[in-house]
Every structure is written in C-alpha cells, then in structure tokens.
Amino acid sequence: MARPSTSEQPAATVLRESRWGGPKAALLALLLLGAALRLVGVRYGLPLPVLNPDEESIVPRAWKMAHGGGLDPHWFDYPTLLMYLLAPFQAWQAHPSYLAARLIVAGLGVGGIGASWWLGRRAYGLVAGSVAAACVAVETTHVLYSHMAVTDVPLTLGVAAALALMVSDRVELAGLAAGVAMGVKYPALLLVAPLVVASWRRWWRLAASLVLVVAGFAVTSPFVFLHPGQAAGDALRVQRRAHEGWLGFEHDHIAPVAFVDRLWHGLGPALVVAAAGLAVALVRRTAADRILLAFVVVYFLDLITIGAHFDRYVLPLLPALGALAGRLRAIVPATLLLLVVPLTWSIRQDERLTRTDTRLGALAWMERKLPPFADVAVDPSAPRPPAFRIVALDLPGPGRPFDERRNLRRLRDDGVTYVVVTGSVTDRVRAARDRYPREVAFYRDLDRNALRAYYAAPGNGRSGPWVAVYELGRIP
C-alpha cells in the first residue's frame with residue numbers, strides 16, 4: 001500500500017517526524033564524521049605502540065587474559081574494565097594486537113559522540129544535543145586519543161552516559177554508570193558530586209545510587225577488591241606522580257591556566273561559547289545546570305591540584321561543556337561555525353598520522369645494521385628491537401632519582417654498544433636543564449664522545465620525534 005501523503009497523515013505523526021528527522025540525520029552525520037576522523041591514521045606507528053606508552057601497559061595484559069592468563073591483571077595503575085573489553089578481540093591474535101585494541105577504542109570514541117548528544121538533549125533539548133555531539137566529534141584531543149588503546153576516551157563515554165542519566169532523573173542507573181566508568185579510570189569517582197546534587201533531599205535514592213556506584217565498580221574491576229593493598233598502592237603511586245608533575249611540564253603555566261590552554265587547543269574558540277553557557281548556568285541554576293556545574297567545578301578543582309598537565313586529562317569535561325555551549329540556542333549557528341577550527345586541526349593531525357613514524361625507520365635500520373644480540377640502551381619511547389638485549393633507561397621527571405646508568409663509561413663497561421634516544425625525551429630534558437643537569441650532561445656526552453650512526457627527523461613523509469642511534473666506542 002502506498003504511504004499516505006503528509007496531509008493525510010495524523011498530526012501527531014507529522015509532528016514526530018518533523019521533530020526527529022532533522023536531529024537524527026544530524027546525529028548520523030556527526031557519528032560518521034567522528035568515525036572517519038578516528039579511523040584515519042589508526043595504524044600509525046604499528047607494530048610499535050609509539051603513540052602512547054600506556055598502550056604497552058594495557059594491550060599485552062588484555063592479550064594475556066585471552067590466552068589463559070586469567071582475569072587478574074596483577075597490576076592496578078588503572079582499573080581493569082578496558083582490558084576486559086579488549087581481551088575478547090585478542091583471542092585470535094598470535095601476539096598482542098594494538099590495531100584491534102585501537103579499533104575498539106575508536107568505536108568507544110564514536111559512542112562518546114552519541115552519549116554527548118544524549119546528554120545535551122536531555123539537559124537542554126535537541127539543539128543542545130547536536131552541539132554537544134559536534135564538540136566531541138571534532139575536538140582535537142578526543143580525536144587523537146581515539147587512535148590509542150588507552151583509558152581516557154572510554155572514560156569520557158562513561159562520564160557522558162552517567163551525566164545523561166542524572167539529568168534524566170534516573171539516579172540509580174546513573175550511579176551504576178558512574179561505577180562502570182570508574183572501572184575504566186579512577187577519576188570517575190568525581191561523578192559522585194553531581195550524583196549527590198541530582199539526588200539531593202531524596203536520601204533513599206541517593207543511598208541506592210551510591211551502593212550501585214560500588215557495585216558497578218566491583219563488577220568491572222573485581223580484583224581491586226581482592227588485592228586492596230596492591231591496588232591502593234598502584235593507584236596512589238600514579239596519582240602521586242601526576243600531582244608531582246611529569247617531564248615536560250616543569251616550566252608550564254600554573255595548573256588552572258595550563259588546563260584552560262589544553263581545552264583551548266582542543267576546542268578552539270568554541271570554548272568561549274562553552275564558558276558563556278557555564279556562566280548562564282550559574283545564574284539560572286536549573287536542575288540540569290546544577291548537575292553539570294557540580295561535575296565541571298569539582299572535576300576542574302581536582303585538575304588544578306595536578307602538576308602533570310596532560311591534554312587528555314580534560315577529556316571528561318567535553319560532554320558537559322558541549323551541552324553548556326548548546327544551551328545558548330540563539331548563537332548555535334555561530335557555535336557550529338566556530339567548530340570548523342578544531343575540525344581543521346583534527347584533519348591536519350590525522351594527516352600527520354598517515355605518515356611513517358621516525359622510530360619505525362630507526363627500528364628497520366637497527367635490524368639491518370646492528371650485529372645480532374647486541375646490547376642496546378634505549379630511552380623511553382625509543383624503538384626496542386626484539387632481537388637485541390635491551391637496557392631500558394628510566395624516564396627523568398620531578399621527584400624521580402637520577403638513573404645512574406646514564407653514564408657512557410658505565411654503559412660501555414656493562415657491555416652496551418649502542419644507545420637510542422629520541423627528541424620526545426631529550427628535547428624536554430634540555431628545555432628544563434636547570435632541573436636535570438646530569439641528564440643534560442649525558443646527552444651532551446653522547447654528542448661529543450659517541451659516534452652517531454643513524455639519525456632521522458620528521459619531514460619527507462615522516463612524522464614523530466627525531467631519533468638517533470649512537471655507537472659507543474672507547475670512552476675517554
């Protein structure tokens with residue numbers, strides 16, 4: 001039977017289609033755009049996990065779980081949910097597959113776009129949902145970390161879903177979602193603040209939601225409860241290092257300015273609109289306003305205690321900031337136009353990820369030129385050829401002791417004949433030479449007293465840091 005014309009359809013049907021047709025099409029377009037941005041360059045640096053060293057901590061453990069190693073990771077720098085999500089897709093891999101893991105995280109990144117749309121829609125309407133989804137779809141840092149098998153993008157998805165349930169007044173489910181998000185990364189615990197706001201004066205519902213936070217976390221990271229001492233020690237060590245700082249941030253701005261800068265480099269001028277939406281929310285304080293304000297304020301206050309100003313730390317703020325930007329309906333067209341700026345940044349970033357990483361070239365050269373079973377000292381983030389005996393040098397950083405192996409004579413006496421360094425560590429050390437005089441002296445000695453047998457820098461189809469291989473002869 002032919003479908004009746006618009007004039008013959010019931011008024012409720014016409015209204016429903018006119019209301020949902022455009023937003024659904026916009027959401028689909030944003031999901032497709034987000035997927036494209038996250039899939040281009042997803043193979044970057046493989047088979048080496050050079051985009052983020054945390055990949056090497058997570059993916060091999062997921063692979064081991066799928067190959068008879070059991071579900072206990074015996075490692076709790078992060079909770080275990082992401083490893084559990086990755087493990088089934090490692091089952092048919094002969095070796096840890098970083099590509100399979102990255103594809104899963106890219107999918108979770110696209111899911112974060114959908115969850116942000118849901119949050120914006122439930123908080124302020126369909127238009128705000130589209131703006132929130134657009135912000136997450138093109139935000140440069142979210143796009144970059146969707147290429148990596150690490151925890152920050154899945155955490156952002158969990159935060160968006162939990163907040164969407166809170167503004168929908170489904171606080172018990174929101175508590176469960178917050179616990180699941182905490183199973184990805186510990187800072188999701190800060191979702192308790194907006195959960196309290198959403199349940200204020202409804203104490204039985206608040207109690208139930210808090211119980212479900214614990215239940216969600218226990219189900220997704222059960223061995224945290226079975227090894228509480230080790231888990232607490234690992235988690236506190238990671239938090240302590242983050243608060244002490246990290247290599248590369250020694251001369252950074254103070255934390256509030258540094259993290260606003262990270263947000264700017266992800267969202268561009270659309271951040272100004274989000275800030276304006278935040279100001280309006282402070283004045284009007286609807287139920288949705290109070291929930292989003294509670295999360296943004298508490299999460300940002302936690303950020304400003306951190307000395308390591310990694311860009312990925314701001315990602316959980318994006319869904320809320322996107323919804324707040326969409327709150328200002330009168331300037332939504334201008335907001336969407338401003339998002340062209342981070343879209344352009346993300347496209348340029350993806351283009352760099354389609355090039356060959358400089359460290360892959362160094363790895364290939366070493367496998368061809370170095371004698372078998374040579375002893376090779378490597379800086380963090382430098383390629384580690386599997387055919388050689390690797391001496392891994394410790395990463396310098398605030399509060400970390402000097403690695404006494406950073407001495408050419410000692411390395412030579414220990415049988416090391418080659419040293420591999422990259423700009424990702426060396427340049428940061430030299431930029432903070434007042435903090436790391438002994439490390440700077442080590443790199444200076446390499447330049448003066450060792451033969452630089454190989455060097456590659458970005459350009460000519462390559463990206464990544466410069467990388468050099470030194471051969472140690474007789475050390476004067």
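# Working chat on a predicted model

Me: What is the relative accessible area of Arg285?
Reply: Arg285 has a relative accessible area of 48%, so Arg285 counts as partly exposed. Buried means under 20%, exposed over 50%, and partly exposed in between, with a 1.4 Å probe and protein chains only.

Me: What kind of model is this?
Reply: This is a predicted model, in which local features need pLDDT of at least 70 and side-chain atom pairs count only at pLDDT 80 or more, while totals for chains, interfaces and linings use all residues. Residues are numbered from 1 along each chain as its sequence is written, and side-chain values use heavy atoms, with hydrogens and water left out.

Me: Back to Arg285. Where is the place of Arg285?
Reply: Arg285 is in the loop between helix H14 (270–284) and helix H15 (287–303). Phi of Arg285 is near 50°, a positive value in a residue other than glycine. Most residues other than glycine have a negative phi.

Me: And Asn460, buried or exposed?
Reply: Exposed, at 78% relative accessibility. Asn460 sits in the loop between strand E5 (451–456) and strand E6 (462–463), and phi of Asn460 is near 55°, also positive.

Me: Which peptide bond is cis?
Reply: The bond from Leu46 to Pro47 is cis, with omega near 15°. Pro47 lies in the loop between helix H1 (11–39) and helix H2 (54–69). Most peptide bonds are trans.

Me: Now the whole thing. How many helices and strands are in the protein?
Reply: The protein has 22 helices and 7 strands. These are DSSP runs numbered from the N terminus: helices are H or I with at least four residues, strands are E with at least two.

Me: How many of the residues are buried?
Reply: Buried residues make up 52% of the 476.

Me: Take Thr151. Buried or exposed?
Reply: Thr151 is buried, with a relative accessible area of 2%. Thr151 lies in the loop between helix H6 (140–145) and helix H7 (152–167).

Me: Which residues does Thr151 touch?
Reply: Leaving out residues up to four places away in sequence, Thr151 touches Ile58, Tyr78, Leu82, Val184 and Lys185. Contact means heavy atoms within 4.5 Å.

Me: Rings next. How many aromatic pairs does the count come to?
Reply: The count comes to 12 aromatic pairs. Rings of Phe, Tyr and Trp (its six-membered ring) pair if their centres lie within 6.5 Å; planes under 30 degrees apart count as stacked, over 60 as edge-to-face and the rest as tilted.

Me: Why is the pair of Tyr186 and Phe217 edge-to-face?
Reply: Because their planes are at 70°, with the centres 6.4 Å apart. Tyr186 is in the loop between helix H8 (171–182) and helix H9 (192–198), and Phe217 is in helix H10 (residues 203–220), 31 residues apart. Both residues, Tyr186 and Phe217, are buried.

Me: Which residues do ring pairs link into a cluster?
Reply: Trp246, Phe249, Phe310 and Tyr313.
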